[in-house]
Amino acid sequence: QVQLVESGGGLVQAGGSLRLSCAASGRTSFSTYDMGWFRQAPGKEREFVAVIRWTGGSTAYADSVKGRFTILRDNAKNTSYLQMNNLKPEDTAVYYCAATRRILPRNSWEYNYWGQGTQVTVSS
């Protein structure tokens, strides 16, 4: 079992930056899971944002955030991060982190554990 808790969301102006954190706890080693970030805007389906391999050596991004967002992890701290730069109003959503034993998946159904989400609001 893995428990995930996101933090770092908030209100930011367009062009600004935020860094989201996802702290993991539980009996299973964090470093054995690939970690993903998803987001869900009001009235829309949950969508893939980014994922990082358990080693930290490989990553994948949605086209909409490529070049602006960076996914990171620190296995010593059991924490995954999503650095978000040059934020746009369309990035407004609840952001969720998730854990999986699969390799760099982009579908939400491929993830086993989820956090409760953190709200990101980007004003124009």
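Which strands form an open sheet, and in what order? Four strands do, in the order β1-β3-β8-β7, and the pairing is antiparallel.

Before going on, a word on the basis. This is a predicted model, in which local features need pLDDT of at least 70 and side-chain atom pairs count only at pLDDT 80 or more, while totals for chains, interfaces and linings use all residues. Residues are numbered from 1 along each chain as its sequence is written, and side-chain values use heavy atoms, with hydrogens and water left out.

Two terms are needed for the sheet. Strands (E, at least two residues) and helices (H or I, at least four) are DSSP runs, numbered from the N terminus. Two strands pair if DSSP finds at least two bridges between them.

I will go across strand by strand. β1 and β3 are antiparallel partners over six bridges, and Leu4 stands opposite Ala24 in β3. β3 then pairs with β8, again antiparallel and over six bridges. In that pair, Leu20 faces Leu82 in β8. β8 pairs in turn with strand β7 (residues 69–74), in the antiparallel sense over six bridges, and here Phe69 stands opposite Met84 in β8.

Now β8 itself. Is this strand enclosed by the rest of the structure, or open to the outside? Six of the six residues of β8 (residues 79–84) are buried, so the strand is largely enclosed by the rest of the structure. Buried means under 20% relative accessible area, exposed over 50%, and partly exposed in between (1.4 Å probe, protein chains only). The burial applies to both faces of β8: Thr79, Tyr81 and Gln83 lie on one side, Ser80, Leu82 and Met84 on the other.

Ile71 counts as buried because its relative accessibility is 2%. Leaving aside neighbours within four places in sequence, Ile71 has contacts (heavy atoms within 4.5 Å) that include Ser80, Tyr81 and Leu82, as well as Met35, Trp37 and Ile52. Take Trp37 from that list: Ile71 and Trp37 are 34 residues apart in sequence and 8.3 Å apart in space, C-alpha to C-alpha.

Next, the disulfide. How many does the structure hold? It holds one, and a disulfide here is a pair of cysteine sulfur atoms within 2.5 Å. The partners are Cys22 and Cys97, with their sulfur atoms 2.0 Å apart. The link is right-handed, with 60° about the S-S bond. It joins distant parts of the chain: Cys22 is in strand β3 (residues 18–26) and Cys97 in strand β9 (residues 93–100), 75 residues apart. Cys22 counts as buried because its relative accessibility is 0%, and Cys97 counts as buried because its value is 0%.

Then the backbone. Most residues other than glycine have a negative phi. Asn78 has a positive phi, near 50°. Asn78 is located in the loop between β7 and β8, a hairpin with four residues between the strands. Because its relative accessibility is 32%, Asn78 counts as partly exposed. Leu104 also has a positive phi, near 50°, and is found in the loop between β9 and β10 (113–114). With a relative accessible area of 24%, Leu104 is partly exposed.

Last, a charged side chain. Arg39 is in strand β4 (residues 34–40). Buried or exposed? Arg39 is buried, with a relative accessible area of 6%. Its side chain makes a polar contact of 2.9 Å with the side chain of Asp91 and another, of 3.5 Å, with the side chain of Ser64. A polar contact is a pair of N or O atoms within 3.5 Å; within protein, one must be able to donate a hydrogen and the other to accept it, and residues adjacent in sequence count only if both atoms are side-chain atoms. Setting aside neighbours within four places in sequence, the residues in contact with Arg39 include Glu45, Glu47, Phe69, Glu90 and Tyr95. One of these, Phe69, is the residue that stands opposite Met84 in β8, which brings us back to the sheet.
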